[in-house]
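Keep the sequence beside you as you read.

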Amino acid sequence: MTVYVVGLDGADWSLLRPWIEEGHLPTFDRILDEGVAGDLKSTLPPVTFPAWKCYSTGKTPGKLGVYEWFAYDRDTDEISANDAGDFRSREYWDVLAERGHRAGVINMPTTHPPDDGTQTTDGGRTFIIAGSPASERKRFTAPDSLKEDLLESIPDYRVKPDLVLDEATPDELVDEATTLFEQRFHAATWLADEKDCDLVHTTLFATDTLQHRLWDRPQKLRAAYEHVDDLLADLLERDDAEAVVLLSDHGFQKIDEIFLANQWLLDRGDLVIEESETRDVLSSVGLTEERLKRLVGKLGLVNLAQSLVPESVQRLFPSESGRVAIQDAEIDWSRTKVISLGRGPIYINRDAFASDDAADRYAADLADGLENQETPTGDPVVTAVYDPTEVYTGDRPRGPDLLVEYAPGIDAPESIGGEVFGEETEWLATHRRTGVFAAWGDDIADEAADLELYDLAPTLLHYFGAPVPKDVDGDVRFDVLTGKPAARSVDRGPPTATGTDRREVGPEVEETLRELGYME
């Protein structure tokens, strides 16, 4: 018997529930009718990195040491992309493997590069098929031998779309997504059948990609989810389906206004940038990032270009919008006081202040300034600015000095080179903190329950009768369980904290973030 966990990246009840009520998603309807469902509160900020790892470890970013896609090194003033080796924890499937279970993980962001997995003498094992930015042309499975087996069964398996996302038509985006959905479900059932996995997690990341770009075309989004619904129907009918769990790492909402936080800091004089002559020269002769993408797409060389053109070269091409990702900017650290990394974490350059007290006073004033910001229509930009100790547990290695929770409908890219308000990007919608949770199957309750992302790992471990690590932040949620799992007490196990294993694939991560629209 197998527990299937299906991650629907960015899924939101504001889309799904109306379609369910209208009869377009009968399998989702069955899961909600026969199982448990509710809201799932994500981490802060609610972004892919680190949200998926918060799910799989049951811990806040403060214990994982990863807070967003990028990290700031205070010692070197370097900004680098995070990858799987930066997370300071093992995952719940590693605990299951130690108990003799066999678990498979497919396409989950934060799993590249794949580690060696857990293997025990009593047959316990984890099988990893890494998510983007992994490439099927390189190592993307653990163990390595899994790649050959997978491609023999699914010869056309792809880790990520083989098209230029911001140049594709809506139909092309949906067609590509449904192909990837089929491959993910095929890989899930293949791991269950061929590798005897009794837990399989698979992430459908393309749901996030579609929603960013097609929020104004709900019929196209519905068509994609109808395909997911069909695949779920087949999954529920499998004889080995003990339970099916659905979750999203965050929710989604329409973008009402864009706030360029780093441009605001630049205008204040708190962030100082040196000009890039190379980028200016390329722009003057019409060589832009978008034109490069269009040429590559027309020639059908997307994957080849991704593997051959160094990220250090790609980042020199200017955007037609004139904006530049803060990671690409020439920051004058001798005069810079602060930077915003991603949609929430803010880092103070403490070397720019005479003392820590002075830096702390500046941080307090900055927080007030952010909380008092209003959009041109008079709406608040920020819901709250937190001291990270109020939100995160643990030692918070590489942690930010401030954590911003932006107001609903506000997107805050980290780019500079435009107006503080009123800019437009290829995204029509952005993340919100409330996602979806649902579960169906043996020993699963049939009522409503709202969970936090951190609750899933301990609850799934308890469902399997495995010990729950002492250092998790989430709780075993007995309100989603019935039968034996609901009756037994929680067994506490050793902590799963680890060091880091830097594998230096940051450029690959940055390349993927550009493709997805997270970077200019």
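1. Let's start with a helix pair: P170, D171, V174, T178, F181, E182, F185 and T189 in α7 meet K220, A224, H227, V228, L231, L232 and L235 in α9 (contact means heavy atoms within 4.5 Å). Nine nonpolar, three polar and three charged residues make up this contact.

2. A word on the basis: this is a predicted model, in which local features need pLDDT of at least 70 and side-chain atom pairs count only at pLDDT 80 or more, while totals for chains, interfaces and linings use all residues. Residues are numbered from 1 along each chain as its sequence is written, and side-chain values use heavy atoms, leaving out hydrogens and water.

3. How do the axes of α7 and α9 cross? Helix α7 (residues 170-194) and helix α9 (residues 218-236) have axes that come within 10 Å and cross at roughly 15°. That makes α7 roughly parallel to α9 (angles under 35 degrees count as roughly parallel).

4. Next, the sheet. It is open and mixed, with nine strands in the order β7-β6-β5-β8-β1-β9-β20-β2-β21 (two strands pair if DSSP finds at least two bridges between them). β7 (141-142) and β21 (451-452) are at the edges with a single partner strand each, so one side of each has no neighbour in the sheet.

5. Within the sheet, strand β1 (residues 2-8) runs parallel to strand β9 (residues 241-247), and six bridges join them. Y4 has V244 in β9 as its bridge partner.

6. Finally, look for helix α2 (residues 26-34), which lies across β1, β2 (36-41), β9 and β20 (434-441).

Note on methods. Axes fitted to C-alpha atoms, helices over the stretch in contact; angles between N-to-C directions. Helix = DSSP H or I, 4+ residues; strand = E, 2+ residues; numbered from the N terminus. Parallel < 35°, antiparallel > 145°, perpendicular 65-115°, else oblique. Nonpolar A, V, L, I, M, F, W, Y, C, P; charged D, E, K, R; others polar.
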